[in-house]
Amino acid sequence: LDLENICFYAKSDKSVDLMIKYERSGLLEDYFLLIPDKKPNFFRILCQKCEAPLGKKHPNGPNFSYIIAFGNDKIILLDRTLGTSKKNAWYNVYKELPFSQVAVRNSDEFFGKKVEKVDTETIHQELADICPIVWPDCQNVSHFYIDDILMSAVVPRDYQITAYIEALQRDLILVLPTGCGKTLVSSLVAARMKSLNPNYMVLFLVDRVPLVFQQGESISVATHLNVCSLSSESNTNMKRRKLNQGVYDVLVTTAGAFLALTNCVGVERFCYVVFDECHHATKQHDYKVVLERIGRCNPNNRPRVLGLTASPQTTKLQLEEFRRTFFNAPICHNLSLTDYKYADATIEKKIVLSDLGWELSTYLQKLEAELYKLANSVNLVTPHLIAKADWNDKKKRDQLLSEIELVDTGDEEIRKCIESMKKICGVMVITELFGVTYANRTLEDLDIYTQLNHGYIRSPRLSGLFEELEKLEESSKIIIFVRTRQIAHILNNILKSEDMISKKF
């Protein structure tokens, strides 16, 4: 290769590659062979004539675009060859003669000139050109087996197997009542498509953030696929890097979060896309935007789609528009559900009266006294408000917390006092809901800890909950509603720590 066709790509001081210039990578077809590497989305480069190894093609460029990089011990450059020792690495020698004659590019100049925005859809299309998506072959019965991909003890019902086979062969909209196992069908489809396409991922889109983690857990349990459950809070550089490197098998996220990712992970990286609650794919919903991007893919290599819903569009016009959005996919419904047993619709409700008893009342009084003392020490809140606060009254508690938040915390002593007050306010709520045992655990770093009862005292509410759970069968399904995420987290840990509960459910 002439020097005008190659350059050093200096991504950082310790990351330098000798590569074909991006705008001249068309030379690949004339000189090299590409063989998929063991590492997903990496390819070994071989000489087309003698099949000698020369280097690798991998996503190390800006926005994870591909580069064709040569190993320093694999080629002769300017009549010199280098060994494998660290001192001969490209980042140690590329500035020295004779290698300094080779052009050097940084990330801004990677594409031949300084650019502000990269067409990532074009970059990711390279993967489709090299590794076309493999579809299940009706002549190969093993492509439709489930024994090698289903890892849970759940036995799919006949209608789920039917839906699974249909979804592997074409775009599909699956209509099943709530609770009939649409997620299991999509999990099986994801596992099969991933087994046929190791260099691609499967995309599972949901409509709400809480479903990201719920569906991700369901897919992982059913198939043992490596699932990335991504929300705006968990969207880290590390996760994005792993996504682009193909470390994950399945990405579960909302459509909005996925669209925010497309500057580094395009729809071309997926061989199959599942839309949960797909009836939302109307008007300006983000589902429709994702479907439009899928529609712009190479028609011979675009990912197939599976829409899941229990409530499709009602009118004929709505249904026709809905199907057009999903590439005129057929609607799979009226599957035989004769082997499906619907749950008993009877719901029992139990009210536990909150008579705290002497122990909890005494504990709360000590916390109130400490709060009163802290407030007076820095003149934060009127003693009248604290002394008469009804801690079952959310409005009064919020009023107290709001006054605390408004205080200027420039002084270190005041800041510590406010943090202690916030903690005590939270502990008072925990005390009422769960009891002394669980409240004590959050107060160990405060002075008041030594004055408190450290006994094992459950609140009436928690005791009542345990009594109800003990009466239920192992097959029972229970929903427990709480006020905040913090309370949900604490209650989850409590239930897991109780052998009777954790072993039963």
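**Strands and their partners**

Tutor: Four of the five residues of β4 are buried, so this strand is largely enclosed by the rest of the structure. Keep in mind that this is a predicted model.

Student: What makes a residue of β4 count as buried?

Tutor: A residue is called buried when its relative accessible area is under 20%. Four of the five residues of β4 are buried, so β4 is described as largely enclosed.

Student: How do you know that β4 pairs with β3?

Tutor: Pairing requires at least two bridges between the strands. β3 and β4 (residues 43-47) have five bridges, in the antiparallel sense, so they pair by that rule.

Student: What makes β5 a partner of β4?

Tutor: The cut-off is again at least two bridges, and β4 is joined to β5 (residues 53-58) by four, with the strands running antiparallel. Phe43, for one, stands opposite Lys57 in β5.

Student: Which residues take a positive phi in the two hairpins?

Tutor: In the hairpin of β3 and β4, with six residues between the strands, Asn41 has a positive phi near 70°. In the hairpin of β4 and β5, with five residues between the strands, that residue is Glu51, with a positive phi near 60°.

Student: What is the strand order of the open sheet?

Tutor: Its seven strands follow the order β3-β4-β5-β6-β2-β1-β7, and the pairing is mixed.

Student: Why are β3 and β7 called edge strands?

Tutor: β3 (32-36) and β7 (104-105) each pair on one side only, and they are the edge strands.

Student: Why is β9 described as largely enclosed?

Tutor: Six of the six residues of β9 (residues 201-206) are buried, so the rest of the structure largely encloses this strand. Met201, Leu203 and Leu205 point one way from β9, while Val202, Phe204 and Val206 point the other way, and all are buried.

Student: How do you know that β9 pairs with β11 and β12?

Tutor: Five bridges join β9 to β12 (residues 270-275), running parallel, and Met201 has Phe270 of β12 as its bridge partner. β9 and β11 (residues 250-254) also have five bridges in the parallel sense, with Phe204 opposite Val252 in β11. Both pairings therefore meet the definition.

Definitions and conventions. Residues numbered from 1 in each chain as written. Predicted model: local features only at pLDDT ≥ 70, side-chain atom pairs only at ≥ 80, totals over all residues. Heavy atoms only, no water. Buried < 20%, exposed > 50% of the residue type's maximum accessible area, 1.4 Å probe, protein only.
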